[in-house]
Number of protein chains: 2
Amino acid sequence: MRTIWWEDGTVKMIDQRQLPHEVVIAEFTDHREVARSITEMYIRGAPAIGAAAGFAMALAALESTATTREGLLNDLEAAAETVRAARPTAANLFWAVDRMLGVAHRGTLTDADAVREALVAEAQALADEDVEISKRMGANGATLINDGDTILHHCNTGALATVDWGTALGVIRMAHEQGKRIHVLVDETRPRLQGARLTAWELQQYGIPYDIISDNAAGYFLRTGQAHKVFFGADRVAANGDVANKIGTYMLSLAARDNGVPAYAVVPTSTIDLSLPDGGHIPIEERSPDEVLDLQRQGRPLAPAGASARNPAFDVTPHRLVTAIVTENGVVRPPFGPGLQAVVAAAR
Amino acid sequence: MRTIWWEDGTVKMIDQRQLPHEVVIAEFTDHREVARSITEMYIRGAPAIGAAAGFAMALAALESTATTREGLLNDLEAAAETVRAARPTAANLFWAVDRMLGVAHRGTLTDADAVREALVAEAQALADEDVEISKRMGANGATLINDGDTILHHCNTGALATVDWGTALGVIRMAHEQGKRIHVLVDETRPRLQGARLTAWELQQYGIPYDIISDNAAGYFLRTGQAHKVFFGADRVAANGDVANKIGTYMLSLAARDNGVPAYAVVPTSTIDLSLPDGGHIPIEERSPDEVLDLQRQGRPLAPAGASARNPAFDVTPHRLVTAIVTENGVVRPPFGPGLQAVVAAAR
């Protein structure tokens with residue numbers, strides 16, 4: 001099963017809010033609903049968000065009642081605004097919308113139905129490519145993993161963060177399938193616990209041994225020599241190699257560097273945003289305080305009534321803390337600028 | 001109300017596992033039960049654990065049926081072993097037991113009842129001194145806080161971590177009472193959420209504005225200039241200034257240093273263990289995986305069934321990351337060795 005797929009004019013996706021206890025499939029036929037599913041995190045993970053955006057644009061084309069090419073293009077531009085507004089940080093959302101609009105504007109598509117047909121095919125192609133790209137990232141990244149490694153992993157970057165297979169977790173899975181013995185320390189990844197809920201669930205299915213840890217404990221395991229590599233994905237990579245990723249990645253990367261442990265970001269080239277000179281330009285989403293406050297133990301909320309909270313969803317890890325950036329087109333090492341340009345150019 | 005007190009031969013303490021929703025008072029008349037209350041974290045925080053250990057030894061003296069001084073001293077040595085075994089990391093536990101045994105062995109106490117009477121008085125004195133020491137720490141530390149500061153705080157170090165008033169949170173409270181406007185970013189402090197449960201509850205009572213954050217988010221706030229100081233307590237400080245404190249303190253201190261933000265440890269001199277040359281010698285407690293795994297949202301556990309976890313409760317922050325160590329006898333700055341010796345000598 002894929003994380004998201006197209007079936008007879010309907011977008012279907014695993015509702016990841018229900019995992020690990022139930023596999024619930026959500027179905028959408030309206031691009032606004034798909035945008036909402038991204039905002040509300042039915043689906044998350046930069047590549048999966050990209051695929052969802054592609055399918056949302058295909059839905060928008062089918063929804064439009066325009067009979068002319070121009071009318072349809074107008075409707076698609078409006079839909080693009082809705083989809084782009086779903087979440088601000090992941091580059092893949094904007095990349096996928098732009099890719100879909102680029103197809104829609106092809107001069108060879110002279111009538112509305114031709115545009116519609118091309119967009120459905122393009123969204124499907126984008127999703128299929130995502131799986132193939134994930135496996136190429138996996139093969140490139142697996143060269144960095146040794147038999148016997150304990151790997152510290154942040155957030156979820158597996159099949160659930162992509163259409164299938166994964167980015168950083170896909171690398172771990174590939175190394176496991178190559179026969180390397182791996183143990184994973186799973187950052188629980190507060191506040192939404194993508195590690196404890198999703199990564200642990202995936203690792204159980206792959207038969208890879210793991211322990212969930214509080215994010216707070218990563219430094220302890222690095223400092224006591226119990227973790228040999230750090231792997232994470234990213235939501236956006238700037239031209240200089242600065243990496244925006246799930247909140248906590250910056251502190252994790254600091255702890256890796258302080259102990260001489262390599263820290264690897266694994267991203268498809270669609271996550272690389274060469275238009276931004278550095279990470280300071282990446283918009284950081286701040287989500288609802290409820291994500292921090294609503295946890296319970298024994299049926300009781302954990303914070304006092306009336307407590308307030310802040311909840312930035314991402315942080316920027318400066319490139320000086322990143323050992324290498326693994327992409328489907330190769331492993332980029334510092335200085336990142338030229339290498340990132342090369343792997344992006346190779347993807348075009 | 002104090003966190004722990006003595007009343008007619010009974011030790012009473014707030015059961016902190018029930019906070020912030022209920023103030024439940026636990027009562028014990030057996031030193032083994034007090035030791036268990038430390039292990040199970042009815043009471044926590046290094047100074048509060050020290051006070052509990054003192055009262056436990058007083059209870060042990062009253063429990064003993066020995067009629068001779070020698071018989072009572074034998075029973076007290078056995079009780080000391082039980083109390084010392086309650087938790088391994090906080091220096092104050094061992095310090096308090098040793099202080100009580102020192103009193104018990106005084107040559108001037110020639111019969112068992114004199115020893116009993118002296119131990120009850122000493123436990124009470126230890127608790128009373130803890131409050132006075134907390135306020136001196138507060139006054140010393142408040143000089144480091146400016147009007148308008150936003151302070152990042154880890155774990156709970158307030159009245160609940162001591163007999164009353166607090167260590168790091170006591171400093172913040174003192175600065176607040178001096179009229180300085182302060183905002184606190186409260187690390188929720190996974191896995192047991194002492195920040196979200198206890199520190200937020202205390203700050204509400206003191207009228208100090210705060211926001212709870214995921215521990216993961218501390219780096220974001222430091223890197224974006226939204227936190228001006230970092231304050232935490234400690235469970236043990238080695239002779240070179242290495243600090244063992246609640247898990248996550250090391251990563252927080254790394255993030256502070258990476259952004260030029262000062263990081264202050266606030267401890268009574270009873271937390272300083274000059275017998276250990278550095279933090280590598282401090283025993284680190286690993287607690288039950290259930291503390292990591294048992295969180296729920298909407299009544300459902302968050303990790304998959306059968307998930308495994310690791311749960312180290314403390315980490316060591318190397319002295320190079322600590323800006324200063326605030327004690328009741330003054331603020332110690334690097335190189336820490338001579339200064340720590342001086343403040344400990346001044347306490348004798």
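Modeller: Here is a walk through the helices, then the loops.

This is a predicted model, in which local features need pLDDT of at least 70, side-chain atom pairs count only at pLDDT 80 or more, and totals for chains, interfaces and linings use all residues. Residues are numbered from 1 along each chain as its sequence is written, chains are lettered from A and ligands numbered from 1 in the order in which they are written, and side-chain values use heavy atoms, with hydrogens and water left out.

Start with helix H3 of chain A, residues 69-84. Helices (H or I, at least four residues) and strands (E, at least two) are DSSP runs, numbered from the N terminus. At 1.5 Å a residue, the 16 residues of H3(A) should span 22 Å, and the end C-alpha atoms are 22 Å apart, which agrees. The expected span is 1.5 Å times one less than the number of residues.

Which residues of H3(A) are buried? They are Arg69(A), Leu72(A), Leu73(A), Leu76(A), Ala79(A), Ala80(A) and Val83(A). Buried means under 20% relative accessible area, exposed over 50%, and partly exposed in between (1.4 Å probe, protein chains only). Seen down the axis, the buried residues of H3(A) fall within an arc of 120°, so they line one face of the helix. The arc is that of the directions from the helix axis to the C-beta atoms. Their cover includes helix H1 (31-39), helix H2 (46-63), helix H4 (91-104) and helix H5 (112-142) of chain A. Contact here means heavy atoms within 4.5 Å.

Two of those covering helices also meet each other. H4(A) and H5(A) pack at an angle of about 145°, with axes 9 Å apart. Axes are lines fitted to C-alpha atoms, for helices over the stretch in contact, and angles run from 0 to 180 degrees between N-to-C directions. From H4(A), the residues in this contact include Trp95(A), Arg99(A) and Met100(A). From H5(A), they include Leu119(A), Glu122(A) and Glu129(A). The contact residues divide into 11 nonpolar, no polar and three charged. Ala, Val, Leu, Ile, Met, Phe, Trp, Tyr, Cys and Pro count as nonpolar, Asp, Glu, Lys and Arg as charged, and the others, Gly among them, as polar.

Next comes helix H6 of chain A, residues 168-177. H6(A) is mostly covered, with eight of its 10 residues buried. Among them are Leu169(A), Ile172(A), Arg173(A) and Met174(A). The buried residues pack against H5, strand S4 (150-153), strand S5 (183-187), helix H7 (194-206), S7 and strand S10 (263-266) of chain A. Gly179(A) follows H6(A) and has a positive phi, near 95°.

Now the loops. Most residues other than glycine have a negative phi, and most peptide bonds are trans. Leu193(A) is not a glycine, yet its phi is positive, about 60°. Leu193(A) sits in the loop between S5 and H7 of chain A. Leu193(A) is buried, at 2% relative accessible area. Asp8(B) also has a positive phi, near 50°. Its loop runs between strand S1 (4-7) and strand S2 (10-14) of chain B. Asp8(B) counts as exposed, at 77% relative accessibility.

A cis peptide bond joins Leu19(A) and Pro20(A), with omega about 5°. Pro20(A) lies in the loop between strand S2 (10-14) and strand S3 (25-28) of chain A. In chain B, the bond from Arg190(B) to Pro191(B) is cis, with omega near 10°.
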